[in-house]
Structures are given as C-alpha cells and as structure tokens.
Amino acid sequence: MTHHTPDPRLIVVADTVHTLDPARPHAQAVAVTDGTITAVGDRADVAGWRGKDTEVVDLGGATVTPGLVDGHVHPVMGLVLTAGVDLTGVRTRGELVEALRAGVGDVRGGEWVRGWGLDPNAFEGAPITHEPLVTALGPDALVHITLFDAHSALVSPRALERAGITGPREFRSGARVVVAHDDAGGRPTGHLLELEAMDLVGDLLPPEAPADRRRRFRDLLQSMAATGLVGANAMDFEGGSADLVVAVADEEAGLPIRLRFAPFVMPHHGHDHLEHVVDLQRSAGRRWSVDGAKFMIDGTIDGGTAWLAEADAHGESTAPFWPEPARYTEALRFLAAHGVPTVTHAIGDAGIRHVLASVAGLDERPRVPHRVEHIETLPDDLVAEFARLDVTASMQPTHCTHFTRADHSDNWSQRLGEVRADRAFRTRDLRDAGARLALGSDWPIAPFDPRATMADARLRRTAGRREEEPVLPGQALTALMALEGYTTHAAHAAGLGDRAGTVRAGARADLVAFGLDPLSADPDEFAQSPVHLTVVDGAVVHRS
Ligand SMILES: [Zn+2]
C-alpha cells in the first residue's frame, strides 16, 4: 500500500547546499511542501520528486544554506529611530553642523528637525552638548537627534524648553538629564540618557501617519529578506507595535520575514505588567509570535550608564539600570516559572555577572531558553559560565568593528581603559568554551546586513576596509561559526533546534541562496555576495 505524498511546491537546486545537518552536510537539491522541507538530495533526485505543479529553481553554481535569523533587532522602534537626517557618517563636530544644514531641506513640513545614528566620537572627546545644533540651525530650531546606540538623545535648547526641562530630574530607572558641570545652575546640555529621560522630548514628536508607517515597516522587512534574512528576534512590542504587525501580517503578501517578539519589562513595571507579558505569549499570527520578555540590567559604556564592577575613566557606569537588582531577579524568576523565555541586555562586567547569577538560581521545569545580549566586556571567570548554565550569548560583531578601534582611541575603550577594553566582544573565547553564540545586528544601532556582520565577525574589522587594523583578532570566528551564529545556534537559542536552522526533511522551509559560498569565499568578498533567493516558510520572498 502506498500513501499519497503531495508533490513538492518548490524544488531549489544548486551546486552546493550546506545543510548544517551533521547526518548529511552536503546536498544539491531541496524539496519543499507547505512550509516544510520534505526531501534533501542530489540533482539526480529531482526528476523523481517533481510533480506537474512543482516549481524547480535551478541556481547553478550558487550556495544554499539555512535561512539566516538575526538575534536582535528593533524593527518597530527603529522606524522612529531612523526618522530624519542620517548622521551615521558624521565623524566630527564640523561634519555634524554641515550634515544638519544639508539635511534640513529634506525634512518636509513639520517644525521638528530630526536626526539619527550620531556617534559620540564625533565630539572628539569634548562634552556632548547641543552647541553644534545651535550653530547649525540657530537658537530657535526644534531639534531631536538619536545617538547611534539609541540609548541617548541630543536635543536643542528650544526642545528642552518645549518639554519643560530646566535642570536635573529624578527617574525610577538609571535615566538622566545631563547638566553642565561648569554651570552653577546645573544647566541641561541637551543630552538625555536612557529611555525615561529621552521620552520627555520624544513624546512631543509628531507621530507618523499609519499608512506611511506600514509602508516603511514592510519595506524594511523586505530589504532584510533581500540580504538573506528569514527571521529576526524583535526586541520591541511596545506602543503600537501589535497593531502595526497585525496590519502588515494580514495584508495579502504578509510579513516578508518571521518576527519573534520579546516585550520589555522595565524597573518601574509592577506585577500586573509581568502578568500581562505572560498573557502576551499567546499572541501569534502568520510569521510572527510573542515569545519572550526583554530586560535591561544596564545601559551602555559610551553613555556612562553600563554597570561595571569599577567605575570608568569618567567615574561613571557604576549603577545597574534596575535600582534594586534583586527585583530584576524576582521578575526573571516569575517569568521563567511561567514558561517565558528571557532576554537580558547586559553590557558591563557587573551587569553580566548579576544576570548569570540570577539565571543560575532559577529552577523552572521544563527549562526555558535564557539569553544575555551584547556582553561587551567580559571577565575571564565568566566566560565558561554561559555553556555551564546553558545560556545563549547573543552578540553583535559590528558593534565592536564599527564603534571601537584597535588602538583604543575610541570613546568606548577610553572609558573602560586598557584592561577592560582588552576583554571586548569575546566571541571566539565564548565559542571555544562551548557557549551557544547567536549573532545579530541590533538594527538600527548597526546595519542589519548579515553578510557584512558575518564578515566582520571573522575579520574583527569593518568588511571592505582592508587598511583597518583588526580589534583583538584572536576573537575572530571561523566562517562556520559565523554561519552557525545566524542558523543552528540562532534556532537553539529560540528552543527551535529540532525544527529550524538546518536544511533537512521535516525542518521549516527557510532557505537562502548566495552567489558566493559563505564557508569558502573571502570574507570581504562575501560581504558583497549576491543573494539570489530567499525562501520563508516555503514561499519565495526575494529573488534576483
Ligand atoms: Zn537592542
């Protein structure tokens, strides 16, 4: 007796398929039906699999791998964070003034001038103040700039006035209105650190029209698919996120890639919010789900808001984002006990230590996946803890290559000093110690293109800049480790190791076809590789 197996909807053929399945590492053909891989084989198998309605896509010399998943993005918050003048290329105060003057013509209507992506190194070691904003646009302009790490904003004097900010404020989190040290009156400099302070002005910015927002969201996800991404772990489910995601998911084409959301839990949230986050875990739709909760135990080194065991060179980064870190631990325990996977932003050594100790004290059964994000300066004794506690390290190699320098002349390294800067982004040490390492971009903090991120992870410098000196080259990943960070390790980090991240029968039909082989091509060249095809849930979402 024979069962009727439906004909495959799609067969993808290429000279090289890296399956990342140890049972069959190499193949040339993959058959897909209803969102699931049904067969993996050779070119010779295709004739036997093929039915009358099967689409066969033969990509010749291309290389197929499991589809790539970004470990950490902010696709909704990023729409707001990337509004206005692109300041990502600004290197000096003079360039900031020029960029604002040049960009202001593009900001149609509205009374606000907005900008994003500003690197604090543009202040060349001088205090970060709104003085260049005034120089560029005059004392009456309403200006709002989001700094590159999205953990602080720089606003003009008129914007401070509009928000009623005249001096320091008290916040429930580690947020701060920065005031000039040399001024007896404590005059605000325009620099607002962390979300609660940023919101004082951010809440005054006019909202985008819903149709524009939907279009920008769809375009963003489509351009992610065009780089080989099939999914992303989204760290925002706040405000109007749910409405936006549902609206685009319900359109005929749906979401171009999968999104797995982790709503925020902040220090000021009460127990009712934790229960709300548990309830949200039931929300899901086509290609999206809420599956996790996002915490922050500290801020950033660059902003002086990280949690370090010893203060930085400015006497800052000494306090946790949760004024009572034990309350973080309690919230983590509550959510884990309710089966909610947790994700915690932890950048400074003391912050990472507290998160790992908190996870070590958990005893939920069954065990839920826990992750630590960023891990920027990691002391030796904590390296082995990730594997021992089965906690995923989730890291963004381009934060190292774009925002720090090998000679330690950058703001991040200067604040930390030699010893702690030499513990920067220890991707290789973590892998060698057996840790699971998910890679990602933290878009819009850094570009989302996984080809460049994988290349930077291998080079420890910016792809395409061969003249740049690598930052701690001993921390470079192999080509396979970099690919695993976006595939097998990403899947295991989400508790999906049995059905995603590899090319094998029964797994999710999420595939990508590159012009160059990510395992054998030169990394600088791979960063520019064509992406011929992206398949999500069995559907072709990108083709070139
Ligand atoms: Zn982030």
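These legends walk you through several close-up views of a predicted model.

Residues are numbered from 1 along each chain as its sequence is written, and side-chain values use heavy atoms, with hydrogens and water left out. Because the model is predicted, local features need pLDDT of at least 70 and side-chain atom pairs count only at pLDDT 80 or more, while totals for chains, interfaces and linings use all residues.

**View 1. The whole protein chain.**
The protein chain holds 20 helices and 24 strands. Here helices (H or I, at least four residues) and strands (E, at least two) are DSSP runs, numbered from the N terminus. Taken along the principal axes, the C-alpha atoms fill a box of roughly 90 × 50 × 50 Å. The radius of gyration of the protein chain is 24 Å, which agrees with the value near 24 Å for a compact globule with 544 residues. That radius is taken over C-alpha atoms, and the globule rule is 2.2 Å times the number of residues to the power 0.38. Of the 544 residues, 60% are buried; buried means under 20% relative accessible area, exposed over 50%, and partly exposed in between (1.4 Å probe, protein chains only).

**View 2**
Three residues coordinate the zinc ion: His72 and His74, each through NE2, and Asp442 through OD, at 2.0 to 2.1 Å. Donors are N, O and S atoms within 2.8 Å of the metal (3.2 Å for Na, K and Ca); water is not among the atoms, so sites may look incomplete. Along the sequence, the spacing of the donor residues is H-x1-H-x367-D. Are histidine 72 and histidine 74 buried or exposed? Both histidine 72 and histidine 74 are buried.

Strand β2 (residues 26-33) and strand β3 (residues 36-41) run antiparallel and are joined by five bridges. Two strands pair if DSSP finds at least two bridges between them. Look for alanine 31, whose bridge partner in β3 is alanine 39. Two residues lie between the strands of this hairpin, and aspartate 34 takes a positive phi near 50°. Leucine 20 sits in the loop between β1 (10-18) and β2. Leucine 20 is not a glycine, yet has a positive phi of about 60°, and this residue is buried, with a relative accessible area of 17%.

**View 2. An open sheet of six strands.**
Follow the strands in the order β7-β8-β9-β10-β12-β11, and note that the pairing is mixed. At the edges stand β7 and β11 (176-179), each with a single partner strand, so one side of each is left without a neighbour in the sheet. Strands of a sheet pair through backbone hydrogen bonds, either parallel or antiparallel. For β8 and β9 the pairing is parallel, over six bridges. Arginine 114 stands opposite histidine 144 in β9.

**View 3. The two sides of helix α3.**
Which residues of helix α3 (residues 93-103) are buried? They are Leu96, Val97, Ala99, Leu100 and Gly103. These residues lie on the same side of α3 because they cover an arc of only 165° around the axis, where the arc is that of the directions from the helix axis to the C-beta atoms. On the other side of α3, Glu98 and Ala102 are exposed. The cover over the buried residues of α3 includes β7 (85-86), β8 (112-118), α4 (131-137) and β9 (142-147).

**View 4. Histidine 354 and its surroundings.**
Histidine 354 belongs to helix α11 (residues 349-360). This histidine 354 is buried, with a relative accessible area of 19%. Leaving out residues up to four places away in sequence, histidine 354 touches Ile297, Trp307, Pro325, Ala326, Tyr328 and Thr329; contact means heavy atoms within 4.5 Å.

Arginine 365 and proline 366 are joined by a cis peptide bond, with omega about -10°. You can find proline 366 in the loop between α11 and β19 (370-374). Another cis peptide bond joins tryptophan 443 and proline 444, with omega about 10°; proline 444 is in the loop between β21 (437-439) and α17 (450-459). Isoleucine 375, in the loop between β19 and α12 (380-383), has a positive phi near 50° although this residue is other than glycine. Isoleucine 375 is buried, with a relative accessible area of 0%.
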